[in-house]
Amino acid sequence: MNHTTINSTSLSCGFAFLPVNPERISSDLHAVLIVRAVVNALTCPLIILLNILVMVAVKTKRQLRTKSNIALACLATTDLVVGLVVQPLHIACYTLIYKGETELFCNLVEKMLVITMKCVIASGNHFFLMIAERYLAIKHTFAYENQVTEVRIIIASGLAWAAAIILPMEEILWSKKHFVTILRVSAILFILFPVMVYFNVAVYMEVRRNEKQIAANQVSLEAKQKLLKNKKAFYTTIIVLFVIFLCYVPVNIFDIIVRSFKDRIPTNVGLIVLCFVTLSPILNSLFNPLIYAVRIRYFRVAFIQLLSRKTIAQAEELERKIFGPRQVGVISTAEQGQRRASREENDVHVQQGNETLNNEHETTARIQPHEEYEETAL
């Protein structure tokens with residue numbers, strides 16, 4: 001590498017706020033670039049595989065073909081594009097920085113940034129659709145059952161992609177009028193963020209109300225199962241939201257700091273931090289399918305069945321051996337009433353001194369298995 005040639009703006013094509021000279025990249029930065037490329041190369045196949053499994057499982061498995069899971073599968077399409085397109089572009093860009101091939105880097109990095117931002121926006125749009133779907137399912141059940149269909153969810157996903165593709169990212173990324181750009185982005189955030197907060201707070205309050213009804217045995221067994229299923233789906237959405245927040249907040253904070261203090265931050269330090277903070281949004285596409293597998297047993301069983309080509313019974317047995325018999329359920333209202341009546345009857349017999357009959361009731365109570373309901377698909 002020729003160290004005599006110095007061009008302090010050689011990489012400003014991709015990072016106008018952080019110009020880099022590839023001829024003066026430090027050894028520490030070389031190591032970071034290698035690590036970043038290796039991490040991308042290792043996670044890329046996993047992102048592709050897991051998100052394809054999510055989509056195929058929802059498409060082929062009857063237990064998973066619910067409206068909320070279809071929304072998850074639509075979100076998986078954005079994560080799949082990250083694995084198929086964005087990850088290889090990042091690997092290529094960081095490899096070109098390492099080799100100091102400035103011209104090729106400049107030709108590629110602008111395309112990489114545009115595609116990355118469009119995928120980020122598409123993911124945000126799909127997540128907004130997931131929150132809206134949960135809001136309608138829990139707060140407006142009747143309208144949800146009649147108005148929200150599988151076809152309409154898929155159409156909404158297509159519109160979310162169309163909105164992300166149509167949005168002119170070039171003007172936002174390379175606009176010299178930073179104030180106008182920030183104003184446009186902030187206007188969108190100020191509209192969407194309060195709506196998302198309102199949806200989540202409203203659904204949380206409804207879930208809490210449903211929990212009180214269940215605790216007081218004020219609902220039927222069928223309604224209880226439905227309420228528990230909605231509760232689980234809501235908390236899965238909240239976990240996905242929390243992980244997205246952790247993945248995207250650091251890179252936005254870094255962007256604000258660098259743009260505000262770009263003259264005071266050493267270039268190599270800025271690029272090293274950039275390599276790490278921009279990795280978390282990419283890895284979010286890996287975290288999402290893992291969350292589904294952890295939270296929803298049917299996804300784990302479907303993954304095992306698709307990967308091992310076992311029968312559904314064999315896959316369920318293998319899942320129980322690996323993860324243990326994790327079951328989520330409640331005792332039915334009728335059963336609780338029967339047990340309460342049985343205990344009262346036993347007390348009466350004890351008072352009457354009928355020890356034989358009392359022992360029979362106690363034995364029956366000890367050996368009677370508790371009725372549980374296996375974890376339901378979302």
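Mentor: A salt bridge is a side-chain nitrogen of Lys or Arg within 4 Å of a carboxyl oxygen of Asp or Glu. Lys139, Glu206 and Arg209 are linked in a network of such bridges. This is a predicted model, where local features need pLDDT of at least 70, side-chain atom pairs count only at pLDDT 80 or more, and totals for chains, interfaces and linings use all residues. Residues are numbered from 1 along each chain as its sequence is written, and side-chain values use heavy atoms, with hydrogens and water left out.

Trainee: What makes Arg209 and Glu206 a salt bridge?

Mentor: Their N to O distance is 2.5 Å, and the limit is 4 Å, so the pair qualifies. Both residues lie in helix α7 (residues 178-215), three residues apart. Helices are DSSP runs of H or I, at least four residues, numbered from the N terminus.

Trainee: Why is Glu206 called buried?

Mentor: Buried means under 20% relative accessible area, exposed over 50%, and partly exposed in between (1.4 Å probe, protein chains only). Glu206 has 12%, so Glu206 counts as buried. Arg209 has 41% relative accessibility, so Arg209 counts as partly exposed.

Trainee: How do you know that Glu319 and Arg297 form a salt bridge?

Mentor: Their closest N and O atoms are 3.1 Å apart, and the cut-off is 4 Å, so the term applies. Glu319 and Arg297 are both buried.

Trainee: Why is Arg320 called partly exposed?

Mentor: Arg320 has 31% relative accessibility, so Arg320 counts as partly exposed. Its salt-bridge partner is Glu317, which is also partly exposed, at 35%.

Definitions and conventions. Helix = DSSP H or I, 4+ residues; strand = E, 2+ residues; numbered from the N terminus.
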